[in-house]
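Welcome, and thanks for taking a look at this model. Please keep the sequence and the 3D view open while you read the report below.

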Amino acid sequence: MPHQLTVTWQHMRRSPYQAAAAVMIMTLTMFVGISFLLLSLGSQRLLSYLEQKPQVIAFFNDTVTSADQIKEVVEKIITTNPSVTTKFISKEEALKIYQERNKADPLLLELVTANTLPASLEVSAKSVADLPAIYEILKNTANVEDVSYQKDVVNTLISVLDKIRKGGLALIIFLVTTALFTILTIIGMKISLRKDEIEVEKLVGASSGFVRGPFLLEGFFYGFFGAVVSWTIIYGIILVVTPHLLPFLGGLAILPVSPVFMLEVLGASVLAGGIVGVIGSFLAVWRYLKN
Amino acid sequence: MIKFENVSKKFPDGTVALEDLTLEINDGEFVFLVGPSGAGKTTILKLILREILPNSGTILVDEHDLKKISGGKVVQLRRKIGCVFQDLKLLPDRSILENVALSLWVLGKNAREVEAESKEKLELVGLAGKGDFFPAQLSGGELQRAAIARALAGNPKYLLADEPTGNVDDENGWKIVKILEKINEDGTTVVMATHNPEFVDKLHKRVVRLKDGKIISDRRGKYRE
């Protein structure tokens with residue numbers, strides 16, 4: 001194997017432009033692949049976050065000031081949907097939340113008092129499918145002024161993310177196919193260029209594995225380097241943008257990205273890139289080195 | 001042992017290279033294949049190495065029936081045979097040491113063994129100081145000897161040499177023949193195709209004379225008797 005690695009390295013070193021082209025196409029493919037993987041995982045986390053958040057919020061008129069006044073409606077909701085959780089937010093609590101969120105803006109704090117804000121009931125369901133029934137109950141409850149309903153937001157998000165995933169998958173399939181053909185062509189050219197060497201190897205008793213090994217390893221290395229380079233770029237971008245995104249997305253538990261998770265992504269990327277590279281070179285060997 | 005039984009070889013262009021040829025070469029022998037160009041000398045060597053297959057007849061090299069073996073058995077066969085090709089087949093982008101080492105890498109030897117044995121073989125053929133040279137930097141005689149060194153790497157049981165003195169002067173040619181003679185004395189079966197009478201006559205070994213793909217004489221002695 002050390003000799004095979006040496007030969008592989010020589011193959012790559014002696015045709016640096018072809019090697020660079022192969023690594024670049026693999027980098028592009030893996031860059032898009034890793035990006036969509038992270039986007040997909042991130043969006044999954046975002047969806048989970050949104051689904052855990054209060055999805056139906058009923059705002060009461062000023063007559064409702066304590067949780068006891070809405071006991072009946074809470075019981076009714078729980079009876080119909082045992083898995084839901086409810087939380088009553090009094091006017092005073094609403095003011096505290098408001099003050100906390102706007103502590104940096106004294107002008108906004110001065111304008112609002114507890115009386116300005118309505119008491120509310122936040123209801124969280126495990127499934128978006130439970131929301132319509134809860135919405136109906138709250139809408140028909142006395143003293144409810146308004147009901148905020150997140151179903152449409154979640155559904156729109158699911159639909160958008162589904163389209164992004166499908167588009168990403170199509171793009172990845174296209175790029176993987178391009179990478180396969182590029183590696184096939186490059187390795188095929190190298191096989192043609194080295195046909196004298198291959199002939200001599202066979203005549204002196206080289207096994208099929210000995211002849212083919214360096215070409216397969218070369219494909220693997222193109223995938224390997226492509227994965228490592230693209231991962232490094234992506235992780236670099238994440239590290240740079242994280243401080244800027246934390247104020248907006250900190251609550252989602254997505255950022256900062258765990259280094260352990262990123263190492264897992266690196267492992268998976270190297271494996272995926274290596275497999276694509278080996279398949280590309282295997283196709284070339286199969287096509288040009290039959291016997 | 002190498003055994004040809006009623007072997008015929010006809011190329012696609014219609015050329016008859018061998019016709020119903022029967023030949024037996026015992027282990028440890030030194031055999032000259034002589035005859036004019038087109039007599040079938042190279043074809044015999046190519047058949048032994050299984051570069052080509054016969055149209056009819058049987059070829060046995062040790063336990064291998066060359067018409068029946070494939071894949072891994074061909075690899076095993078070729079590892080028993082060292083070959084000095086007519087066109088040498090030295091790789092121009094590899095040093096002489098690397099060319100010799102190739103025959104050892106395919107055997108799966110480690111780096112230390114490969115380096116030691118490659119140097120030993122270069123020393124045997126008188127190229128000890130030229131391992132780092134590339135083929136373009138060597139003379140014709142040196143190239144022939146480098147090809148012999150590669151053929152000898154791995155200590156094959158059989159050595160096939162196709163016109164190894166073809167492109168060199170008499171002095172270098174004689175050096176090459178003496179190397180082959182020494183290898184044979186060490187136990188390697190040598191089959192050498194040549195049309196140079198001088199070397200054949202001096203060595204006084206078995207001479208198989210060919211003409212138009214047929215054996216016209218097979219005895220110990222001189223080029224023409």
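Predicted model: local features only at pLDDT ≥ 70, side-chain atom pairs only at ≥ 80, totals over all residues.

Chain B brings 16 residues to the contact and chain A brings 16 residues, where contact means heavy atoms within 4.5 Å.

Which elements of chain B give two or more residues to the side that touches chain A? They are helix H2 (72-79) and helix H3 (96-105) of chain B, with helices being DSSP runs (H or I, at least four residues; strands are E, at least two) numbered from the N terminus. H3(B) gives the most, at four residues. Sorted by class, this side of chain B holds seven nonpolar, one polar and eight charged residues. In that sorting, Ala, Val, Leu, Ile, Met, Phe, Trp, Tyr, Cys and Pro are nonpolar, Asp, Glu, Lys and Arg are charged, and the others, Gly among them, are polar.

## Charged and polar pairs

Side chains of opposite charge can pair when their charged atoms come close. Here a salt bridge is a side-chain nitrogen of Lys or Arg within 4 Å of a carboxyl oxygen of Asp or Glu. Between chain B and chain A there are three salt bridges; one of them joins Asp93(B) to Arg14(A), at 3.3 Å from N to O. Six residue pairs, both at pLDDT 80 or more, are in polar contact across this interface. A polar contact is a pair of N or O atoms within 3.5 Å; within protein, one must be able to donate a hydrogen and the other to accept it, and residues adjacent in sequence count only if both atoms are side-chain atoms.

Over all chains the count is 23 salt bridges. Among them is the pair Lys190(A) and Glu218(A), at 2.5 Å from N to O. This pair links distant parts of the chain, 28 residues apart: Lys190(A) sits in helix H7 (residues 151-193) of chain A and Glu218(A) in helix H9 (residues 208-249) of chain A.

## Domains in each chain

Domain bounds come from an automatic or database domain assignment. In chain A, that assignment gives domain 1 (2-50 + 155-288) and domain 2 (55-124), whose C-alpha centres lie 51 Å apart. Chain B is assigned domain 1 (1-80 + 157-225) and domain 2 (88-155), and there the C-alpha centres are 23 Å apart.

How do the two domains of chain B touch, and what lies between them? In chain B, 15 residues of domain 1 are in contact with twelve residues of domain 2, and the two domains bury about 1100 Å², 68% of it on carbon and sulfur atoms. Zero salt bridges are counted between them, while two residue pairs, both at pLDDT 80 or more, are in polar contact. On the domain 1 side, helix H6 (residues 170-185) of chain B supplies the largest share, seven residues. That side divides into seven nonpolar, three polar and five charged residues.

## Confidence and conventions

The predictor gives the complex an ipTM of 0.90 and a pTM of 0.72. Its confidence in each residue is the pLDDT, from 0 to 100. Chain B averages 91, with 100% of the residues at least 70; chain A averages 84, with 94% at least 70. Within chain A, confidence is lowest in helix H5 (residues 106-111), at a mean of 76, and highest in helix H10 (residues 259-288), at 92.

Residues are numbered from 1 along each chain as its sequence is written, and chains are lettered from A and ligands numbered from 1 in the order in which they are written. Local features need pLDDT of at least 70, side-chain atom pairs count only at pLDDT 80 or more, and totals for chains, interfaces and linings use all residues, while side-chain values use heavy atoms, leaving out hydrogens and water.

Terms used: pLDDT = per-residue confidence, 0-100. Buried area = accessible area lost by both parts, 1.4 Å probe.
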